[in-house]
Amino acid sequence: MASENENPALKPTPRRVFLQTLASVGSGTVAAAVGLKVLQSQRAEAASIPPPLAESSGSVVLRMQQDLEVTLAGGKTPSWLMVVDTRKCIGCDACAVACRAENPTGPAGNFRRVIKKDLPIGPRPWAIYKPANCLQCDDPPCARAVPNDMILKRSDGIVEFDYDKLKGPSAQAAARACPFGAIHVDDGKTFTQSTPRPQDYELRPFVENGKTYSRKPGANSLQNAARKCTFCSHLLDVGVLPACVTTCVGGAMYFGDANNSGSLISEVTQGRREFRGHQNLGVKPRVIYFEESMPDTPHIDCSACHS
């Protein structure tokens, strides 16, 4: 994340340097640094599904970073896809914190949240956690709710808002049209505005949809605009994975170019059951959820919440 004196579009180097540093050490050291080996645990996969990976979550991030660099070096337009395995989500909210740190938003909303569903079934309680953000729909309901020039469907799959146009009543219409509650309207408020000293981290410059913004009072051009997840497109443009993906300690997040048949995102989706609830709405989502049951509980899968 860039400082206030740097252009964050050009210098998101700390995370990249960190990933390159991890790449220079062995997978055992990476596993120690990450602290969790959820992907190595037999309990991380349902009994009937073979583990897709036998690596630490840190090694998975490195693989996805390498795939990203291959895609960008190839010079062809990617087709970005995000995959979530909710069985591996531990509900730590690290992805939501990383998202807000990378993409400043106020109390009105966040680009990412983790939904918790308590399931008091059987001899012990269970909880399912679902990381949620904009699905980057190929047929987005939000775009159908506003004039044509306000929402762009990019060739790489990302749904991009024109913040100069998507404001006021149109912003509210777009937010209402999203069946997943992934859009909020920026009201200009900050978390620390009523404290003795508003904090700089809320007012720093940041890049979103190719432009630099700030949420400083009186200079916040995003006020009254509809906002949502962008897949951290400003990071992708310079060869860095989305913040939520690199922060997931449980290894529940996968991201990559669906056009690259040799990528991890292509490998991990082979032969897996996908939750069809979003697809059945006709929106053609680019965020896919696996539907396999929770470990040792074949009766708990996506249908427990989406029946």
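Residues are numbered from 1 along each chain as its sequence is written, and side-chain values use heavy atoms, with hydrogens and water left out. Because the model is predicted, local features need pLDDT of at least 70 and side-chain atom pairs count only at pLDDT 80 or more, while totals for chains, interfaces and linings use all residues.

The protein comprises 9 helices and 11 strands (DSSP runs numbered from the N terminus: H or I of at least four residues for helices, E of at least two for strands). Of its 307 residues, 53% are buried (under 20% relative accessible area, with exposed over 50% and partly exposed in between; 1.4 Å probe, protein chains only). The accessible surface is about 14,100 Å², and carbon and sulfur atoms hold 53% of that area (Shrake-Rupley method, 1.4 Å probe; for residues, only the protein chains shown count as cover). Among contacts (heavy atoms within 4.5 Å) with a separation of 6 or more, 66% join residues 24 or more positions apart.

Helix H6 spans residues 168-177 and includes Ser 170. Ser 170 counts as buried because its relative accessibility is 18%. Leaving aside residues up to four places away in sequence, Ser 170 touches Val 146, Pro 147 and Met 150.

Turning to the cysteines, the count is 0 disulfides (a disulfide being a pair of cysteine sulfur atoms within 2.5 Å). The sulfur of Cys 92 has its closest cysteine sulfur in Cys 95, 6.5 Å away, which is too far for a bond. Cys 244 is likewise in no disulfide, with the nearest cysteine sulfur, that of Cys 232, 6.3 Å away. Cys 92 is partly exposed at 44% relative accessible area, whereas Cys 244 is buried at 9%.
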